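Here is a short briefing on one protein chain. Keep the sequence and the 3D view open as you read.

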Amino acid sequence: MNGPHDLGGQMGFGPVAPEKDEPYFHAEWEKRALGITLSCGAFGAWNIDESRHARENIPPADYLAASYYEIWIRGIDKLLERHGFATRAELLSGHAQQAGAVPKRVLKAEMVPGVLAKGGPCDRPAKTAPLFAVGETVKTKNFNPVTHTRLPRYARARTGMVEAVQGAFVFPDDNAHGRGENPQWLYTIVFDGEEIWGEGADPTLTVSIDAWESYLEPA
């Protein structure tokens, strides 16, 4: 979707200014926000793509005014309510008022190191051969879905070259909405700066993105 998260190439937000020796957390509550997100994710009620889409659906004014972990917590609020683990009244009060949904799994403290080490691999076997090869010229499709997508706005309807074939992975556009994993081939596509930014772009600049096969068509 074309939400407030998709800011690539947008003007007016100022330069990216990395903080030197930035700590992992800027406040104690951020540690809890990460812990809550991970423990709720372990319930088995949603996947990473649905959680991303929940954050993307935060109203733009609220999203842009929120910090990183505030966005995470607002996304978790949506998911807990959507899947019946808590009501809006319970989230606002901080107290359970009725029996909610029962999680499939509960993440306990002693399980955390192993779960984090395992990660969540999303590569899958491919049922077909890749349609495109390294060095081939392709064009990204131009679409504006109200649902989740990983193709950023600035890279739509642009011509680039296949830089790498990364393998087959879960297709997030379907997985975020309960339509199954439906793995697709994933490609790294490189664009010239002028193709992305137009006249006056830095001629030495290139931009690379990872794009699922259904985002692409032969140039």
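The points below go from the whole chain to single residues.

This is a predicted model. The chain holds 8 helices and 5 strands. Of its 219 residues, 33% are buried.

**Overall layout**
- Read from the N terminus, the elements follow the order α-α-α-α-α-α-β-β-α-β-α-β-β.
- The C-alpha trace spans about 55 × 45 × 35 Å along its principal axes.
- Take the contacts with a separation of 6 or more: 64% of them join residues 24 or more positions apart.

**Two annotated regions**
- An unreviewed UniProt entry gives residues 1-102 the feature "domain: Nitrile hydratase beta subunit-like N-terminal".
- Residues 1-102 are 49% helix and 0% strand. The end C-alpha atoms of this stretch are 31 Å apart.
- The UniProt annotation "domain: Nitrile hydratase beta subunit", also from an unreviewed entry, covers residues 121-218.
- Residues 121-218 are 9% helix and 35% strand. Here the end C-alpha atoms lie 29 Å apart.

**Helix α2**
- Is helix α2 mostly covered or mostly open? Helix α2 spans residues 48-56 and is mostly covered, with 7 of its 9 residues buried.
- The buried residues of α2 are Asp-49, Glu-50, Ser-51, His-53, Ala-54, Arg-55 and Glu-56.
- Their cover includes α1 (28-41), α3 (60-65), α4 (68-82) and α7 (172-175).
- Which residue caps the N-terminal end of α2? Asn-47 does: one of its side-chain oxygens lies 3.0 Å from the backbone nitrogen of Asp-49.
- Arg-55 of α2 is buried, and its charged end sits over the ring of Trp-72, 4.6 Å from the ring centre.
- Trp-72 also belongs to an aromatic cluster, together with Phe-25, Tyr-68 and Tyr-69.

**Nonpolar cores**
- The largest nonpolar core has 19 residues. Those with the most contacts inside it are Tyr-187, Ile-189, Ile-209, Tyr-215 and Leu-216.
- Which elements give two or more residues to this core? They are β2 (159-169), β3 (184-192) and β4 (206-212).
- Strand β3 gives the most to this core, with 5 residues.
- A second, separate core has 9 residues. Among them are Cys-40, Trp-46, Ile-76 and Phe-85.
- Back in the largest core, look at Tyr-215. Leaving out residues up to four places away in sequence, Tyr-215 touches Lys-139, Thr-140, Lys-141, Phe-143, Thr-149, Arg-150, Leu-151, Phe-171 and Asp-173.

**Aromatic pairs**
- The chain has 12 aromatic pairs.
- Why is the pair of Phe-132 and Tyr-187 called edge-to-face? Their ring planes stand at 75 degrees, and planes over 60 degrees apart count as edge-to-face. The ring centres are 5.6 Å apart.
- Phe-132 lies in the loop between α6 (112-118) and β1 (137-140), and Tyr-187 lies in strand β3, so the pair ties together parts that are 55 residues apart in sequence.
- Both Phe-132 and Tyr-187 are buried.
- Trp-212 and Tyr-215 form another such pair: their planes are at 70 degrees, so it too is edge-to-face. Their ring centres are 6.2 Å apart.
- Both Trp-212 and Tyr-215 are buried.

**Residues with positive phi**
- Ala-157 is not a glycine, yet its phi is positive, near 55 degrees.
- Where is Ala-157? Find it in the loop between β1 and β2.
- Ala-157 has 27% relative accessibility, so it counts as partly exposed. That class runs between the buried limit of 20% and the exposed limit of 50%.
- Asn-182 is not a glycine either, and its phi is positive at about 40 degrees.
- Asn-182 lies in the loop between α7 and β3.
- With 36% relative accessibility, Asn-182 counts as partly exposed.

Methods. Residues numbered from 1 in each chain as written. Predicted model: local features only at pLDDT ≥ 70, side-chain atom pairs only at ≥ 80, totals over all residues. Heavy atoms only, no water. Buried < 20%, exposed > 50% of the residue type's maximum accessible area, 1.4 Å probe, protein only. Helix = DSSP H or I, 4+ residues; strand = E, 2+ residues; numbered from the N terminus. Contact = heavy atoms within 4.5 Å. Polar contact = N/O pair within 3.5 Å; in protein donor to acceptor, adjacent residues only side chain to side chain. Core = buried A, V, L, I, M, F, W, Y, C linked by side-chain atoms within 4.5 Å. Phe/Tyr/Trp six-rings, centres within 6.5 Å; stacked < 30°, edge-to-face > 60°. Lys NZ or Arg CZ within 6 Å of the ring centre and 35° of its normal. UniProt positions renumbered as here; feature names shortened; annotations may be inferred.
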